[in-house]
Amino acid sequence: MTKKKEPVTIDATDALCAEIDPELWFPSMENGRVQSSYVAANYAKSVCARCPLITQCLLTAIHNKEEYGIWGGATPNERKNIRTANQAKKFIITLQDKADDLGSLNVKRKR
Ligand code: SF4
């Protein structure tokens, strides 16, 4: 008997995106590629690059086969190309290296 995979959730208490317009993480997509709101998508990625939950978020999105949105700094197409934890780690390092070029970050948190 095959056991159904249960979705995994993360504790979003420390998520940098928690207090920013969530629309930025869901830009218009076609076939997994960003079609519009390119600046917004890059801004979202720049926030993810600085988020303490990035690794957990990315791996959870891959595990849950999230079809939409930017999770852990990755678009749906980017997530399809990440198949191992090592590939996820390399993706995150690359994203963090270019975070300053993706957009300026001015995240104001309530706490
Ligand atoms: S990695 Fe990005 S999408 Fe995930 S919790 Fe952090 S800011 Fe939000």
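Student: In which loop is K65 found?

Tutor: This is a predicted model, in which local features need pLDDT of at least 70, side-chain atom pairs count only at pLDDT 80 or more, and totals for chains, interfaces and linings use all residues. Residues are numbered from 1 along each chain as its sequence is written. Helices (H or I, at least four residues) and strands (E, at least two) are DSSP runs, numbered from the N terminus. On that basis, K65 lies in the loop between α2 and α3 (76-80).

Student: What is the phi of K65, and is the residue buried or exposed?

Tutor: Most residues other than glycine have a negative phi. K65 is not a glycine, yet its phi is positive, at about 55 degrees. A residue is buried if 20 or more other C-beta atoms, placed from the backbone, lie within 10 Å of its own, exposed if 12 or fewer, and partly exposed in between. Because K65 has 11 other C-beta atoms within 10 Å, K65 is exposed.

Student: How many helices and strands has the chain, and in what order do the elements run?

Tutor: The chain has five helices and two strands. From the N terminus on, the order is β-β-α-α-α-α-α.

Student: Which residues of α2 are buried?

Tutor: Of the 111 residues of the chain, 25% count as buried. Within α2, the buried residues are I54, C57, L58, L59, A61 and I62.

Student: Which residues of α2 and α4 meet, and what is the make-up of their contact by class?

Tutor: Two residues are in contact if their C-beta atoms lie within 7 Å. From α2, I54, T55, L58 and L59 meet A85, A88 and I92 of α4. For the classes, Ala, Val, Leu, Ile, Met, Phe, Trp, Tyr, Cys and Pro count as nonpolar, Asp, Glu, Lys and Arg as charged, and the others, Gly among them, as polar. By class, the contact of α2 with α4 has six nonpolar, one polar and no charged residues.

Student: Is A88 buried or exposed, and which residues does A88 touch?

Tutor: A88 belongs to helix α4. A88 counts as buried because 20 C-beta neighbours lie inside 10 Å. Leaving aside residues up to four places away in sequence, A88 touches T55, L58, L59 and I82.

Student: Which residues come nearest to the ligand?

Tutor: A residue is near a molecule if its C-beta atom lies within 6 Å of it. α1 (38-49) and α2 (54-63) each supply at least two residues of the shell around the ligand, and by class that shell has 11 nonpolar, two polar and no charged residues. Of the 13 residues around the ligand, those that come nearest are A15, C17, C48, C51 and C57.
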